[in-house]
Amino acid sequence: MVGYRLMHYTYIAVIIILQSIMVKLSQAQQVNSLPSVLGIPETLDRTESWVMDHVRSLSRDRNARQQPLDITTWIRKNLNLDAVDFGELDMHIVKTINLDGLVVHNILFQTQLGVYVPANLYVPKGDGPFPAIINSHGHWPGAKKGHIVQQTAQLLARNGYVCLNMDAWGAGERGSNHLHEYHGASLGSSLLDLGIPLMGMQLIDNQRAIDLLQSLPYVDPNRIGATGASGGGNQTWWLTALDERIKAAVPVVSVGTFESYVMNSNCVCELHPKGLVDMEKADVLASIAPRAVKILTALQDGNAAFNVHEMLKTYDKAKQHYDEAGHSAHFVYELFDEKHDYTAEMQRRMLDWFDQYLKADAANSIDTAFCPLDEEELTVGVSSELKAKITTTVEYVSARGKHMQNALVQSEKINKKVKIQELRELLLSYKELAIRQIEKIPEQAGYQRFLLTATDQRLIPLLIKEPAVGKQVLNVVFPSRGASSISPDSLDRWTTNGDGVVMVDLFGLGERSSKQGDDIDGRLPRFHTLSRSLLWMGESIMATWTSEIGLVMGYLNERFPDQEIHIIADRETAIASLIYSVLDQYPGYFFLSDMPVTYVPDYQTNVNENELNMASHIPGIIPWGDIVGLVALSPADVYMERVIGMSGRAIDESNIRRYAEQMEQIRLTLGNTSKIRLTVEKR
């Protein structure tokens with residue numbers, strides 16, 4: 001009887017599960033009834049394969065290069081490091097903490113004009129001048145106040161080094177609302193839109209930190225080193241390559257290859273746009289020779305970008321330069337049976353290295369005492385006045401972005417050709433695509449299916465329903481979440497009157513999604529992986545989408561010469577459509593929904609569920625002219641409904657009017673007479 005009941009309940013459970021599955025399938029069919037075109041199994045990940053083919057091509061081109069690269073000049077120019085104004089260091093000691101053998105000063109100092117950095121300065125007791133170390137934190141909890149970072153600083157200070165722990169840009173007290181948060185993702189990328197990547201901002205801070213240390217009477221200005229783990233290690237070797245004032249460095253769990261960053265997990269603070277076009281990590285480390293570098297690597301590191309195999313590729317190549325310079329002993333590595341960490345044993349090896357190269361009389365015994373301080377004790381912004389001095393990413397981008405917007409609006413003369421050429425250059429390696437081949441696949445569910453193969457091997461799928469006889473409108477749709485996301489209501493609206501429709505999956509969307517990229521993104525904004533990967537290769541998703549839109553529109557204009565084409569796009573693809581209109585000076589009809597009206601962030605934290613994804617970012621788009629400039633330079637009739645900010649939230653009507661007036665003012669200057677309309681309501 002018990003067995004019968006068990007079978008009975010099992011049967012009921014199976015029926016319930018099957019019913020649930022059928023309901024979900026039915027719901028999915030209501031939303032996703034469109035046929036596929038590519039039919040490539042998800043496990044093959046055509047998009048990831050295309051990206052890695054490009055990585056290998058870049059590698060071949062680099063290896064064939066004859067002239068050596070001036071790394072320091074290249075870094076400064078490529079990261080736009082000379083585009084900021086520096087003020088006086090203006091250091092303020094907010095508080096001093098006395099410990100056995102050392103003191104800790106909570107300080108503020110100025111890096112850029114009006115930008116103050118909160119830091120903890122660990123100083124040995126006794127007579128100086130002392131050697132000094134910049135100790136950069138990684139993505140650890142607590143930023144400069146984290147356990148690992150404190151432990152490293154105290155070890156150094158107790159053994160005769162001044163040590164500076166700063167909050168990295170956007171982390172710790174420099175986070176939104178002065179609370180620690182992840183400083184990358186879309187918020188960190190807004191700096192890229194402003195013209196200097198997050199990596200560049202950190203390098204500016206770190207170089208100014210050297211200025212600060214050299215200004216202190218108890219620091220020997222000729223004996224300065226740098227260390228840090230993970231993202232902090234990344235800062236360490238970039239800074240050492242950029243600035244010869246760093247005499248010795250110990251980067252920890254941070255050395256691999258740039259190629260291993262592609263389609264892998266990394267922060268935008270580790271992104272160097274166009275980096276893979278001209279260099280590999282080995283080139284950067286080799287440029288440090290003959291100064292002293294010791295690499296510490298963890299055997300159990302789970303990040304492919306930092307594992308021992310990738311580190312050895314870089315080490316072996318860079319080591320040749322040290323050998324040729326006769327300084328083989330200045331470039332070494334050590335392996336630890338650890339995970340991604342900066343353990344006490346690793347810190348001891350770091351101290352030994354600095355004692356060897358920054359001290360003439362290192363002590364025989366090492367003081368390893370550690371007195372962890374409560375994070376509140378190490379907080380610099382303890383009052384509203386002090387917090388107001390600490391600039392957050394949102395405040396920085398907002399202030400400079402609005403100033404740049406006003407400059408374009410107030411221009412008495414604008415050279416359209418120059419602005420269009422500047423936009424092409426912002427898109428990095430933008431190029432117009434040509435069609436190699438057109439494949440027609442058997443019709444399915446009332447849709448013609450076409451596959452366009454571009455000359456660079458991209459496969460672009462099209463679903464087409466032609467206009468009824470006597471109808472003139474062809475709606476060309478570039479959906480930001482792929483064709484499979486289009487609702488039946490939208491399809492009905494586009495076709496009920498006999499109008500035609502074409503639906504296109506752009507790179508990384510719909511059928512062309514990258515499973516690997518999505519899996520690595522995890523809880524981060526979509527395209528975090530693909531966007532960074534393309535930027536490393538000197539490309540961008542916006543440039544990729546724009547070129548594909550141009551290819552598709554060329555094909556459709558030729559095939560449907562007598563149709564009135566309406567371009568329909570939303571969110572991120574709306575931006576790409578608008579860019580296409582500007583570059584090609586295409587005077588059609590653009591219906592853009594859920595469209596951001598500016599790249600200047602409108603949120604106060606780095607957690608925004610409905611924010612625009614990482615595909616949206618374009619290096620330097622804000623100083624170029626922002627979305628306002630794109631709309632103003634477009635010869636098309638542009639209708640923007642449900643206007644939003646980068647957060648995905650609606651813009652209030654007063655601000656919409658302000659942006660519309662700016663667009664009209666620039667259009668008036670350009671003599672552009674096409675129509676624009678911005679609304680908060682559904683069309």
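Biologist: What is the order of the 9 strands in the open sheet?

Modeller: This is a predicted model, in which local features need pLDDT of at least 70, side-chain atom pairs count only at pLDDT 80 or more, and totals for chains, interfaces and linings use all residues. Residues are numbered from 1 along each chain as its sequence is written, and side-chain values use heavy atoms, with hydrogens and water left out. Strands (E, at least two residues) and helices (H or I, at least four) are DSSP runs numbered from the N terminus, and two strands pair if DSSP finds at least two bridges between them. With mixed pairing, the order in the open sheet is E10-E11-E12-E14-E13-E15-E16-E17-E18.

Biologist: Which strands stand at the edges?

Modeller: An edge strand here has a single partner strand, so one side of it is left without a neighbour in the sheet. The strands concerned are E10 (435-444) and E18.

Biologist: Is strand E17 largely enclosed or left open by the rest of the structure?

Modeller: Buried means under 20% relative accessible area, exposed over 50%, and partly exposed in between, with a 1.4 Å probe and protein chains only. Asp637, Tyr639 and Glu641 point one way from E17, Val638 and Met640 point the other way, and all are buried. Because 5 of the 5 residues of E17 (residues 637-641) are buried, the strand is largely enclosed.

Biologist: Which residue of E18 stands opposite Tyr639?

Modeller: E17 pairs with E18 (residues 676-678) in the parallel sense over 3 bridges. Within this pair, the residue opposite Tyr639 is Arg677.

Biologist: Through which helix does the chain cross from E17 to E18?

Modeller: This β-α-β crossover is right-handed: with the strands pointing away from the viewer, the path from the first strand over the helix to the second runs clockwise. The helix on the way is H22 (residues 653-670).

Biologist: Which helix gives the most to the lining of the largest pocket?

Modeller: On a 1 Å grid over the protein atoms alone, a pocket is an open set of points with protein on both sides within 12 Å along at least five of seven lines, and lining residues have an atom within 4 Å of a point. The largest pocket has a volume of about 840 Å³, taken as the space filled by probe spheres set on the points, which are joined across faces, edges and corners. Helices that each supply at least two lining residues include H3 (71-78), H5 (185-194) and H13 (393-409). With 4 residues, the helix that gives the most is H13.

Notes. On a 1 Å grid over the protein atoms alone, a cavity is a set of points where a 1.4 Å probe fits but cannot get out, and a pocket is an open set with protein on both sides within 12 Å along at least five of seven lines; lining residues have an atom within 4 Å of a point.
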